[in-house]
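Please find below a colleague's note on the structure. The points are intended to be read with the sequence and the coordinates at hand.

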Amino acid sequence: MVVGEGEGNKFLKMVLDRTVPLVDIMFIWGDCPDKLTEEIICSYKNIKYYRSEKPQWGKLQWKIKETLLQKYIIPSDIDWVLALDSDEIYDKRITRETLEELTTRGEIAFYFNFVTLWNDENHCRLDGTWTNFSNIRFFKIIRNFDQSYRPQPLHCGLAPIYAYEWGAESEYIMKHYGYMREEDRIKKIERYKKYDPKQIYQSSDWYNSINSKAVIGEFNEEEFSKKFFYVPRRPSLNNIMNKSPEKAFFVRNSFGKVSAVPESLLTEVLNIRGMELVEEAIEEKILKPIEVSKPIEIKKEIKEIKPKRPIINKPKTKAIKPKKTKI
């Protein structure tokens, strides 16, 4: 996770209470955060916290994440990474056990389906791409693959490029609180205007939609979760890695999300309620293991801060003892 100024006044504690018990170690990079944000972070025992002395967000976002992954996470012998922003809460069904189960499916990464909460926790936005969006939030570290992120100062993702290219669609959701409050939406618009004035790193339609008239619907997590299904990517990935091509097809779920499915699983996937065939696709990319790129140094701007004596209540959830997989 990467945090900035003001996160301690928003959803950070709630996010950490939910996430810290799921993992063995949590790595957080502070981009010049305020005192309250740092105090909250440092009150948890199993967090490794680093901070930059100069603000990097909006300028070197991808370098921050590459450095955190390559220089600190990978050397810590981590197997899988559970990635998130400080305004995101995982599906209620996500437990340490469900994460362990995901690691046994033979995939290298998983997309989670996003629910953008709007105005309160019981409503979400339904128009445009706001309800047709998923992002990588769980990925395996493959040490002989390139660990680079998309080299752009904004919207560079939370995982290396290989995870985005070969991630499978999961059945789980992420509740996104970042746009729930109107004051936060206004701040985001101002921040994007500052760091992406020419709208290079995201489409102008999406930027403009933040402040446009929104279609809002009731959000019931149990019912909403039923609309998403696991769409395997492993068979297609295996064929490509073995250089033995297999036809692939695009299918669309009831929410309008389009995914690529190998021919061997097409019938099974189309039998899922709400799934429909779009068209045939051609798998052309070959996934080649390459040497890990060297960590990008941000010199003399990194400090590791040790946990302090807790100043807030500890999470009630008991910490789960580490198992074979290290997350």
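The numbered points below concern confidence, helices, cores and aromatic contacts.

1. Basis of the note. This is a predicted model, in which local features need pLDDT of at least 70 and side-chain atom pairs count only at pLDDT 80 or more, while totals for chains, interfaces and linings use all residues. Residues are numbered from 1 along each chain as its sequence is written, and side-chain values use heavy atoms, with hydrogens and water left out.

2. Confidence. The protein chain has a mean pLDDT (the predictor's confidence in each residue, from 0 to 100) of 83, and 81% of its residues reach 70 or more. Over residues 240-244 pLDDT stays under 50, and the model has nine contacts (heavy atoms within 4.5 Å) for them beyond four places in sequence. Residues 309-320 also have pLDDT under 50 throughout, with 15 contacts beyond four places in sequence. Where pLDDT is low, the predicted coordinates should not be read in detail.

3. Helix α1. Helices (H or I, at least four residues) and strands (E, at least two) are DSSP runs, numbered from the N terminus. Within α1 (residues 12-19), the residues L12, V15, L16 and T19 are buried, where buried means under 20% relative accessible area, exposed over 50% and partly exposed in between (1.4 Å probe, protein chains only). These residues lie on the same side of α1 because they cover an arc of only 95° around the axis, taken from the directions from the helix axis to the C-beta atoms. An α-helix has 3.6 residues a turn, so residues three or four places apart point the same way. The cover over the buried residues of α1 includes β1 (2-3), β2 (26-31), α2 (35-41), β3 (47-52), β4 (80-82) and β5 (88-90).

4. Helix α4. Six of the eight residues of α4 (residues 96-103) are buried, so that the helix is mostly covered. The buried residues are R96, T98, L99, E100, L102 and T103. They pack against β4, β6, β8 (134-140) and β9 (168-176).

5. Nonpolar cores. A nonpolar core is a set of buried Ala, Val, Leu, Ile, Met, Phe, Trp, Tyr and Cys residues joined through side-chain atoms within 4.5 Å. The largest has 42 residues, of which M1, L16, M26, I28, I47, F112 and F138 touch the most other members. Strand β6 (residues 109-118) gives the most to this core, namely five residues. A second, separate core of 31 residues includes Y72, A109, I142 and L158.

6. Aromatic pairs. The structure holds 21 aromatic pairs; rings of Phe, Tyr and Trp (its six-membered ring) pair if their centres lie within 6.5 Å, and planes under 30 degrees apart count as stacked, over 60 as edge-to-face and the rest as tilted. F219 counts as buried at 9% relative accessibility, and F224 is buried with a relative accessible area of 7%.

7. Aromatic cluster and charges. W118, W130, Y179, Y192, W206 and Y207 form one aromatic cluster. R125 lies over the face of W118, at 4.7 Å from the ring centre, and R150 lies over the face of Y164, at 5.1 Å. A charge sits over a ring if NZ of Lys or CZ of Arg is within 6 Å of the ring centre and within 35 degrees of the ring normal.
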